[in-house]
Amino acid sequence: MWNSDRQQQNGVITSTNTGTTQNTNNGNGSKSGSQQNPPKQLGMTSAISLAGPRPEDVQKTEELRKALEPYKVFETEEELNHRMEILAKLNTLVKQWVKDVSIAKNMPEAAASKLGGKIYTFGSYRLGVHHKGADIDALCVAPRNIERSDYFTSFFELMKKQPEVTECRAVEEAFVPVIKMNFDGIEIDLLFARLSLKEIPDDFDLRDDNLLKNLDPRSVRSLNGCRVTDEILSLVPNIENFRLALRSIKLWAKKHGIYSNSLGYFGGVTWAMLVARTCQLYPNATAATLVHKFFLVFSRWKWPHPVLLKHPDNVNLRFPVWDPRVNASDRYHLMPIITPAYPQQNSTFNVSESTKKVILMEFNRGMTTTDEIMLGRASWDRLFEAPSFFYRYRHFIVLLVNSQTADDHLEWCGLVESKIRLLIGNLERNQHISLAHVNPKCFEHKKGNSNNNNNNSSCSQNSSGNEEDKTGGGASQQTSTVTSSPFCSMWFIGLEFERTENLNVDLTESIQNFTEHVIQHGVNIKMLKEGMSIEARHVKRKQLSQYLDADFLKKERKSMESHNNFNNQIMANRKRLSTEMQKDGSNGSTNVKRSRVSESNEENSNASSDAGGATTPTTPTSTQQTPPTFSNANSSKQATPVEDHSDNSNSGGGGGSANGNSTPSSNTAAASAQPATEVACS
């Protein structure tokens, strides 16, 4: 599985716009340098298609670009220049800091002036796909005479003194230590790496594997972001097409609630690698075609076959790498997507059975939608319409995270969010639960705001990085009964149960294990303070109006209806086309344009050894024969069935309604004596 077959050189891409921009990085698809340097094969295999763009592909790409503009995924030239000025100031501060610290350590000023020091960027900004207001991921690289302790003392103090810097805080004990700050209106996460070099020149390249020799693991992890980003850019044939396609896929993933590495979905670097692999398989395709092929390739991928952008380098510096032949734990990864830079790691190790099902469902939904778009039966706006989450399921677990102050709440929510995937794992181990779907959006309720729609929440941006309307996820006027804490955040988990008659489900142990673990971890890292608590409640769909704004639920219902209408339209078109194809008989070859785009002979041939097969993932559905019964472990009474007669719905939320007048069960509230909450209902 790790050693995929490597293609011979006769599979090298030789067409225009390929194999050249990875050397020039001009990203314009020109043939500069192609006469002097023979193009090289990109990726583990040869391309599926070298076909160039057709006029209709160029038109679809222009339509895609226009469709993205309302979502503020592009920055103006002025905003880009502002970011560059900030990074230039940071770079100057780093050089001066390295010099001052070296002089303080008795180094001659002339020698200290030559040491250098440099700021590198990575992530979405380095890839060129950041949106308006996005943060910048950066790395401070220092020579060997500068210690990590210097960075978190003298440099941290230096940054706090800068007039442009606000909200400066150090997270020294994190897995990847970081200083977070707001520099002149731009959020910056600044990592640190100390190289075993005497000087850091301005033109220094971090991709050399020998740089990792004798480095501590924290520096290696800090360097990894820059090294992976640079490798991705070097492994795509056309930078501009890659960027536009990646902007589209990232927006789609955020809108569809599958953009969050911490919650078990895919993070930014993972989406970048998947789009890069699509570019390798279709090197001459325009951005619109790449988006379409993206869904084709990965909806049919043979998971857990890994996605790799290049053959792993034979580097042995004793750092752990992803290799299922050696590491037993790597064999259990569900959707491995491997970073291209040494030490290679799986960027999706957080993926669970439930998040895998949700991701595959969205891949298939995306393929169906882009099929319709490429056939001219839908616009690109359809791809970016958020599907309904709250009308997809009948039963939910709501996590309520409470704090007394804004600063405490920010820290406490961050800890809880990083642990939610453990709760998903606990729920998945319950034999009666087939799916536990966590919504990555963090819904905020601040005490005193229940009488209006102004949600001055501590999380104006949800966990996936997708900006939402402030009125969209607000608490309703009834939420004064939800909590007495001044700060409260909520995460929702949709539950799907096995189809079993007279099902009784007790989730008390799963919930208690999770809440006790989170609280104990908070105690261990000395974060837990008075007023911090976490509760878990079972709610039915008709009770959601007590937690969510009525207007937001109306939007969810409209989204469900729009989605159902779109599906019905697709089914009607396919039925009509099937009838016409049968009538045409032997003339069916003339009806290629009317057949599904994604089922063409070119794509059905497995041209690449790792392109995946036609696997049909399980699509989540909330249809069930008998509603489950949630029982309270501490109750001596026999559990009675859940009465849910008004909630007859199927997948996608067809039928049923959110009845805001229903009263929640008295057992749904968490016991105030302990944060570990039992999920129960009568």
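**Entry 1. The chain as a whole**

Helices, of at least four residues, and strands, of at least two, are counted here as DSSP runs numbered from the N terminus. The model I consulted is a predicted one. On that definition I found 15 helices and twelve strands in the chain. I then looked up burial, and 55% of the 682 residues count as buried. I also looked up the contacts in the chain with a separation of 6 or more, and residues 24 or more positions apart account for 77% of them.

**Entry 2. Helix H14**

I turned to helix H14, which covers residues 550-584. I asked what span its 35 residues should have at 1.5 Å a residue.

I next listed the buried residues of H14; among them are Phe 552, Leu 553, Met 560, Phe 566, Ile 570 and Leu 577. The list also includes Glu 556, Ser 559, His 563 and Asn 564.

Setting aside neighbours within four places in sequence, I found Asn 573 in contact with Glu 372 and Arg 377.

**Entry 3. Helices H3 and H6**

Two packed helices are described by the angle between their axes and the distance between the axes. For helix H3 (residues 77-104) and helix H6 (residues 148-161), I recorded an angle of about 125° and axes 11 Å apart. H3 and H6 are therefore oblique to each other. The crossing in which H3 passes H6 is right-handed.

I then asked which residues of H3 and H6 meet. On the H3 side they are Leu 90, Leu 93, Val 94, Trp 97 and Val 101. On the H6 side they are Asp 150, Tyr 151, Ser 154, Phe 155, Leu 158 and Met 159.

**Entry 4. Thr 229 in H7**

I located Thr 229 in helix H7, residues 217-234. Thr 229 is buried, at a relative accessible area of 4%. A polar atom of the Thr 229 side chain lies 2.8 Å from the backbone oxygen of Gly 225. Not counting residues up to four places away in sequence, Thr 229 touches Phe 122, Gly 123, Arg 126 and Leu 127.

**Entry 5. Gly 267, in a loop**

I found Gly 267 in the loop between helix H8 (239-255) and helix H9 (268-281). Is Gly 267 buried or exposed? With a relative accessible area of 9%, Gly 267 is buried. Leaving aside residues within four places in sequence, its contacts are Tyr 259 and Asn 261. I also checked Gly 267 against Thr 348: they are 81 residues apart in sequence, and their C-alpha atoms are 8.1 Å apart in space.

**Entry 6. Val 518 in H13**

My last entry concerns Val 518, which lies in helix H13, residues 508-524. The relative accessible area of Val 518 is 0%, so this residue is buried. Apart from neighbours within four places in sequence, Val 518 is in contact with Trp 412, Leu 415, Val 416 and Lys 419. I also looked up Ser 418, 100 residues from Val 518 along the chain; the C-alpha atoms of this pair are separated by 9.5 Å.

How values were computed:
Residues are numbered from 1 along each chain as its sequence is written. This is a predicted model: local features need pLDDT of at least 70, side-chain atom pairs count only at pLDDT 80 or more; totals for chains, interfaces and linings use all residues. Side-chain values use heavy atoms; hydrogens and water are left out. The expected span of a helix is 1.5 Å times one less than its number of residues. Buried means under 20% relative accessible area, exposed over 50%, partly exposed in between (1.4 Å probe, protein chains only). Axes are lines fitted to C-alpha atoms, for helices over the stretch in contact, and angles run from 0 to 180 degrees between N-to-C directions. Angles under 35 degrees count as roughly parallel, over 145 as roughly antiparallel, 65 to 115 as roughly perpendicular and the rest as oblique. A crossing is left-handed if the near helix is turned anticlockwise from the far one by less than a right angle, and right-handed if clockwise. Contact means heavy atoms within 4.5 Å. A polar contact is a pair of N or O atoms within 3.5 Å; within protein, one must be able to donate a hydrogen and the other to accept it, and residues adjacent in sequence count only if both atoms are side-chain atoms.
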